[in-house]
Each structure stands twice: as structure tokens, then as C-alpha cells.
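Here are my notes for you, written as numbered points to read with the model open.

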Amino acid sequence: MREDVEGLDLSDVTANWVNAEVLRRQMAERVKALADLAHTPLFFGRLDHRQAPGADPSRPRAAQPPDPVGEAEPSLYIGRRHVHDAVGDPMVIDWRAPVSQPFYRASKKDPMGVALRRRFGYTGGELTAYEDEHLLDPAEEERASRLLQQEIERPRVGPMRDIVATIQPEQDEIVRSGLGGTVCVQGGPGTGKTAVGLHRVAYLLYAHRERLARTGTLVIGPNRSFLHYIEQVLPALGELEVKQATVDELVARVEVRGTDEAPAALLKGDARMAEVLRRALRAHVTPPTEPLVVVRGSRRWRIPAYEVEEIVGELLARDMRYGAARAALPQRLAHAVLVRMEQGGEAPDDRVQDAVARNPAVKAAVKQIWPPVDPAKLVLRLLGEAEFLAAHAQGLLSAEEQAAVRWAKPYRSVRSAKWSAADAVLVDEAADLVERTHSLGHVVLDEAQDLSPMQYRAVGRRCSTGSATVLGDLAQGTTPWATRSWRDALGHLGHQDAHVEELTAGFRVPREVITYASRLLPSIAPGLAEVDSVRRSPGSLSVRRVPDGGEDSGALDAAVLGACAEALGHEGSTGLIAADSRVPQLAAALTAAGIGYLSPGEETTAEARLTLVPASLAKGLEYDYVVLDEPAAVVAGEPDERTGLRRLYVALTRAVSGLAVLHRAELPPALADPREEPDPPAGADTPR
Ligand SMILES: Nc1ncnc2c1ncn2[C@@H]1O[C@H](COP(=O)(O)OP(=O)(O)OP(=O)(O)O)[C@@H](O)[C@H]1O
């Protein structure tokens with residue numbers, strides 16, 4: 001197929017240079033999308049139908065829809081891409097095509113016309129196994145898929161992989177939900193939220209390619225290292241055009257050089273700030289005190305102040321952006337002049353109205369009544385001038401709250417201000433009040449639980465006429481403004497009608513580990529269901545206490561390094577997760593011991609498999625083996641205990657095959673409790 005595209009001769013089909021260039025570019029992209037990926041097989045599944053898909057058994061064969069693969073070969077092969085043979089007949093069907101759906105959804109209860117489902121297993125690109133399910137055979141027992149387990153446990157090198165071969169039915173329902181609706185997915189660690197979000201984009205691009213090519217798609221993640229980790233999934237599925245960004249990058253209209261104390265950031269992220277900004281902006285509209293007088297030729301036309309005021313009032317009452325209303329005002333005023341002219345016996349046409357709209361008197365009136373406003377300057381004044389803030393925050397923010405929001409000392413200009421990340425969101429809100437933000441066709445918002453209401457609004461503006469996939473876990477919220485209710489969050493996003501779905505089956509973390517981590521749930525997110533892991537892995541958890549050596553943490557460092565070396569004895573990636581404050585010391589210890597390590601976001605390779613991860617960056621990432629250093633320090637690194645325990649919950653749930661927890665200080669009580677004692681610690685450990 002690639003050679004076919006490369007061999008196409010364009011000289012005859014394009015009439016001009018521009019068309020030829022466009023076509024050439026499209027072909028280059030097609031060739032890129034058809035690239036062979038090492039170790040990525042062309043197909044991973046097969047469906048044998050009882051009859052052609054879509055056929056109605058009650059109708060004669062001749063009246064059936066044509067069988068897409070021809071009657072002689074009733075099997076459908078399912079793969080990452082559509083593949084056809086030399087004459088254009090399909091050989092492999094794209095996993096997103098409607099006929100592929102039974103591969104993911106058919107069950108004994110509802111076989112969807114499928115007699116046999118075969119899953120193929122590969123090792124390094126070579127076909128090494130297959131698994132059959134005879135969906136119409138009542139005698140055949142249902143078994144858990146070994147291939148699924150192997151796929152999850154396949155050692156990780158490099159970035160996140162796709163899961164097309166093993167998408168589970170409840171995941172598939174989300175992946176294939178339509179473009180029209182916003183979906184919100186609550187799911188514990190490792191339930192596949194990120195995977196599902198990315199596959200949904202791939203699906204939507206397949207099902208609505210033209211529309212989304214016009215409107216655009218965007219994946220939003222918490223930080224750059226996370227985005228690096230996931231950035232290969234869509235290209236591997238042949239989708240090269242999806243953009244990625246963090247929320248901070250989306251709202252980067254001012255340079256962020258400052259930080260906020262938590263109380264200030266909390267207030268700046270509060271949805272009440274949107275109303276403060278709206279009021280402050282609209283206060284710039286000043287009702288006229290003078291009549292508008294336009295001189296044309298020898299005549300003067302006079303619009304009394306009350307009439308101008310009516311026009312202004314009408315524009316204010318309409319739900320228009322400040323800038324759009326400002327742009328409309330000259331024409332409205334010109335129209336009023338035109339009416340006067342007609343009453344005066346003239347017969348002005350549209351050109352006259354345009355000319356009047358450009359008349360210096362009209363321009364001057366507009367400037368005075370509806371002055372241009374720079375969004376950053378508006379926020380600069382609000383955060384810098386006590387009276388200005390008080391005037392517009394009255395009844396919304398208390399005096400103390402206003403004081404907390406204000407800068408300690410005002411800045412002189414937009415350039416010199418030390419904007420914080422929360423300030424930048426306010427500027428973005430103000431900018432949208434002045435001029436509507438462009439909306440994309442679809443936005444995937446991952447790790448949404450950490451967004452403030454104002455950040456949800458910033459994301460919502462970018463999908464105001466499109467739809468969104470919102471992914472998150474309330475138990476992993478680690479910001480002071482973390483989401484408490486998905487309904488509220490969706491309201492701020494402007495998609496209150498979204499479906500909220502829950503994923504409870506856990507794929508990443510083995511049962512032994514997730515059960516241990518879930519002991520924290522009652523204190524960090526009461527009411528949330530524990531993740532139900534699909535995998536048992538005896539021996540995957542070890543908790544070791546290192547004897548307290550007083551001030552010196554050398555013994556702990558040595559034990560941690562030992563655990564890393566042990567983990568690196570296995571294939572795949574190892575993550576050493578530690579409180580941010582412990583990272584420099586561990587980095588030095590690793591270097592002194594001659595153990596190389598990466599930072600999050602740097603790609604693991606066969607040679608470099610250890611990543612030193614500050615707990616604050618662990619969210620969303622995963623490693624085959626995790627060594628967790630000093631849980632008490634992870635908890636203490638956060639401003640309050642609940643946030644600390646949530647950070648710890650995130651750190652405890654990053655491992656696919658094994659987790660070693662090493663501590664010198666006491667563990668949080670829920671984890672120290674010896675019920676369900678984990679596997680006996682390996683090596684020379686002291687009992688807890
Ligand atoms: N159906 C599946 N088949 C194979 N692997 C899967 C499946 N679903 C999820 N996984 C794997 O489980 C791991 C966790 O998935 P993912 O990162 O999407 O979870 P998450 O819910 O976003 O987790 P977190 O809350 O920790 O960010 C990944 O390695 C992913 O590939």
C-alpha cells in the first residue's frame with residue numbers, strides 16, 4: 001500500500017502548482033501513516049461469523065448485504081490499520097470500523113453473530129500464540145485471557161503503548177461513544193483512563209475524520225513529562241495530527257514567573273472570580289452624557305444622549321463578547337444617524353452607513369463609551385488596586401478574601417508583573433470575555449481532578465462548540481482545589497449534561513499492591529470503590545523497615561539503592577519514587593554508586609531503565625517495578641495530611657509487576673496496620 005502511494009504519478013491529475021503541492025503533502029502524510037512499526041503486527045484478532053456481518057438470517061442469501069471479505073473467506077482479521085491487497089480487497093479491517101466492534105463486545109450472552117473470536121499473541125513482532133473463544137458453544141467455559149495478562153506484564157521500555165488488541169468491553173463503550181456527547185470517566189489508578197481517552201480520540205478521528213480535521217483535537221495532560229510519556233500512542237495508531245498541551249500552556253498569554261500561597265491560589269481558581277472579571281470589564285462601558293453629533297457636508301445630525309444610551313444598553317443586554325459589542329457599536333450609531341437622515345428627506349444607502357460608522361465623531365464616541373480593554377491590564381488592576389477590586393468583588397468576595405487575592409505590592413506593568421499560574425488563568429478568562437476563544441472539535445482532559453474551577457472554564461472554552469472526554473480519579477486529587485464532585489466540575493466546564501462513567505477493573509496494579517494502597521481510601525476519598533485488579537501476582541509487594549540510624553539516612557539510601565539494583569535485575573522499567581525533598585540526596589547516592597538514572601519524561605531504553613521520580617511528578621506514569629522511598633516523607637511534603645496521603649496513594653499505584661516500600665520513619669497508620677500482612681520481606685529486613 002505504501003509503495004502504491006509512493007508510485008502515484010501526479011503530473012496528470014493536477015491543473016496547477018498549488019493543488020499539486022497540497023496533494024503531494026497529503027500523500028507524504030499518507031506514506032508516513034503507513035510506516036511499518038517495528039514489532040507491531042498488522043493484525044491481532046480474527047472474527048469468524050456465523051453469517052456475513054449485518055445479515056438477517058430470515059432473508060434469502062441473495063438479499064443479504066455483501067460480505068465485505070467475500071463469501072469464500074468468512075473470517076475478518078482485525079488490526080491497527082486497514083490493509084488491502086493488490087486489487088483493493090480488504091485483508092485486515094481497521095479496529096475502529098463498525099464490523100470490528102464484536103471483537104471487543106461480543107460475549108457468550110450476546111455473541112453478535114460471531115462464532116469464533118481468535119486473539120493472536122506476539123513476541124517481538126513474531127506470532128507466538130493464539131487464544132480462541134467459541135461464543136456459540138455453551139459447553140465452553142469462559143476463561144480469563146492469558147494474552148491480556150501477558151500484554152499488561154510485557155516489560156516496558158520506551159513510551160506508553162496502545163491497547164487496541166485488548167480493549168475491554170466497558171472500555172470499548174467509552175472509546176466508541178459518539179462525538180456529540182461529553183463523557184466523564186471516574187476510575188481508580190490503572191483502570192485505563194488515559195488509554196481509553198487516547199483510543200477515543202483515535203476512534204473519533206476515524207469516524208468523523210473530515211469534521212475533526214477542520215475543527216481540531218487536543219489532549220490535555222498535567223505536565224510535559226506525562227505528555228512525553230503518552231505522545232507515541234496516537235502516532236502508533238496512525239494518527240499524527242493530534243495536539244497536546246498542559247493547561248498552563250493553553251493559557252500562556254502572560255509570562256508566569258511568580259507563585260501563589262495556597263489560599264490565594266484557591267481563591268483565584270474559584271469560579272466567583274469569573275463574575276468579578278465580568279463585572280470589572282463591563283464597568284468600562286460608560287453611558288454617554290453628551291449627544292452624538294455627526295457633520296456631513298453642510299448638515300449636522302444629532303442623536304440625543306438618551307438614545308445613544310439605549311443603543312448601548314441593548315448591546316450590554318445581549319450575550320455578546322465585549323470586543324464584538326464594541327465592534328458593533330459604530331454601525332448601531334451610524335444606523336441611528338441614517339434614520340435621522342431618512343427622516344430629513346435624504347436617501348442614504350449602505351455605503352453612507354459605513355462612512356458614518358467611520359466618522360471621527362462616531363469613533364470618538366465609541367472610544368469614550370466602549371474603550372478597548374487589554375485583558376492582562378484588567379487583571380493587573382484587579383490584583384493591584386484595592387478599590388478597583390473592592391468595587392467589582394462586592395458581595396462576591398469578603399474583605400479578607402479580597403486581601404488574599406491581591407498582590408502584596410502592585411506591579412507597574414504587564415511585563416514587570418510576577419504572574420502566577422492562577423493569574424494566567426484569570427487573564428485567559430478576561431481575554432475570552434473580550435474575544436471568544438476558538439473552540440476545537442474534541443478535547444481529552446486527563447488527570448482532570450486537579451483542575452480548579454477557573455481552569456475547567458479555560459478548558460471548557462476550548463471545546464465550547466465541541467465535546468470532551470474528561471478523565472480523572474477523585475482519590476488522586478492533590479491540589480488544594482481538587483475536584484470533589486464530577487457534576488460540579490462538568491458545570492464549570494460548560495458540559496453539565498455529560499455522562500459520568502466509572503471504570504473499576506484495574507489493569508496496571510496487581511491485586512496484592514492495590515489492596516494495600518486502598519487501605520488509604522477511607523481517609524482520602526470515602527465512598528469511592530476500591531479498584532478490582534484483574535491480576536494476582538503473589539510476591540509483588542514488599543514493605544521493609546530499615547533500622548533507624550538517627551540523623552543519618554545513609555542506611556535508608558543504601559537499602560533503597562539495593563532495592564533498585566534488585567528491581568533492575570528484572571526486565572523492564574524501574575521507577576524510584578521519593579518525596580521531592582529526598583530526590584537530590586538519592587540522586588547523589590545513585591551517582592556515587594555508579595547507577596545511571598533518568599528523569600520523568602526521558603524515554604527509558606534497554607540500557608537506561610531506572611527513572612528517579614519526584615512524587616509530585618509520578619501521577620499518570622507507571623513502571624514495571626517501583627521502589628518507594630520513605631512514605632512518611634511523601635506525606636509530609638504536602639501542606640495537609642489528606643493531600644499527603646493522596647500523593648502517597650498515587651506513588652503506591654505506579655507498579656505493574658512489583659512494589660518495594662522502604663521506610664525508616666513510621667508508616668501512616670492505615671499502612672502500618674498489620675492486618676493482611678504482605679509477603680514476608682526479602683533479605684535482611686527487620687520485622688515491623
Ligand atoms: N484493556 C487493556 N489491555 C491492556 N492493557 C491495559 C488495558 N487497559 C489498561 N491497560 C494498561 O494498564 C495501564 C494503566 O492504564 P492507564 O495509564 O490508562 O490508567 P489510568 O486509569 O489512566 O491510571 P492513573 O489513574 O494511574 O493515571 C497501562 O499500562 C495500560 O496500557
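Which residue in β13 is the bridge partner of C184?

1. The residue to look for is V470, which is the bridge partner of C184 in β13. Please keep in mind throughout that you are looking at a predicted model. The two strands involved are β7 (residues 183-187) and β13 (residues 467-472), and they pair in the parallel sense over 4 bridges. Strands of a sheet pair through backbone hydrogen bonds, either parallel or antiparallel.

2. Now step back to the sheet that holds this pair. An open sheet of 6 strands runs in the order β9-β8-β12-β13-β7-β14, with parallel pairing. At the edges stand β9 (243-245) and β14 (499-503), and each has a single partner strand, so one side of each has no neighbour in the sheet. On average, neighbouring strands of this sheet are turned by 15° against each other, direction ignored.

3. The protein chain has 688 residues, of which 40% count as buried. Its secondary structure comprises 29 helices and 21 strands. The C-alpha trace spans about 95 × 85 × 45 Å along its principal axes.

4. Next, the domains. The assignment gives domain 1 (2-33), domain 2 (37-143), domain 3 (160-284 + 373-507), domain 4 (292-369) and domain 5 (511-672). Note that domain 3 is written as two stretches, 160-284 and 373-507. If you take the centres over C-alpha atoms, domain 4 and domain 5 are separated by 68 Å.

5. Over residues 166-519 the chain is 50% helix and 11% strand.

6. Which residues come nearest to the ligand? Of the 23 residues around the ligand, they are T166, G192, K193, T194 and F507. Two elements give two or more residues to this shell, namely α4 (146-153) and α6 (193-207). By residue type, the shell around the ligand divides into 7 nonpolar, 11 polar and 5 charged. Domain 3 (160-284 + 373-507) and domain 5 (511-672) each supply at least three residues to the shell.

7. Is G188 buried or exposed? With 30 other C-beta atoms within 10 Å, G188 is buried, because 20 or more such atoms are enough for that label.

8. For a covered strand, have a look at β18 (residues 574-578). There, 5 of its 5 residues are buried. T574, L576 and A578 point one way from β18, while G575 and I577 point the other way. Strand β18 is joined by 5 bridges to β19 (residues 610-614), and the two run parallel. Within this pairing, V613 in β19 is the bridge partner of I577.

9. M112 is partly exposed, with 16 other C-beta atoms within 10 Å. E630 is buried, with 23 other C-beta atoms within 10 Å.

10. Finally, a contact across the sequence. L667 is found in the loop between β21 (655-663) and α29 (669-672). L667 has 18 other C-beta atoms within 10 Å and is partly exposed. Although L667 and A633 are 34 residues apart in sequence, their C-alpha atoms are 9.7 Å apart in space.

Technical notes. Residues are numbered from 1 along each chain as its sequence is written. This is a predicted model: local features need pLDDT of at least 70, side-chain atom pairs count only at pLDDT 80 or more; totals for chains, interfaces and linings use all residues. A residue is near a molecule or strand if its C-beta atom, placed from the backbone, lies within 6 Å of it. Ala, Val, Leu, Ile, Met, Phe, Trp, Tyr, Cys and Pro count as nonpolar, Asp, Glu, Lys and Arg as charged, and the others, Gly among them, as polar. Domain bounds come from an automatic or database domain assignment. A residue is buried if 20 or more other C-beta atoms lie within 10 Å of its own, exposed if 12 or fewer, and partly exposed in between; C-beta atoms are placed from the backbone. Two strands pair if DSSP finds at least two bridges between them. Axes are lines fitted to C-alpha atoms, for helices over the stretch in contact, and angles run from 0 to 180 degrees between N-to-C directions.
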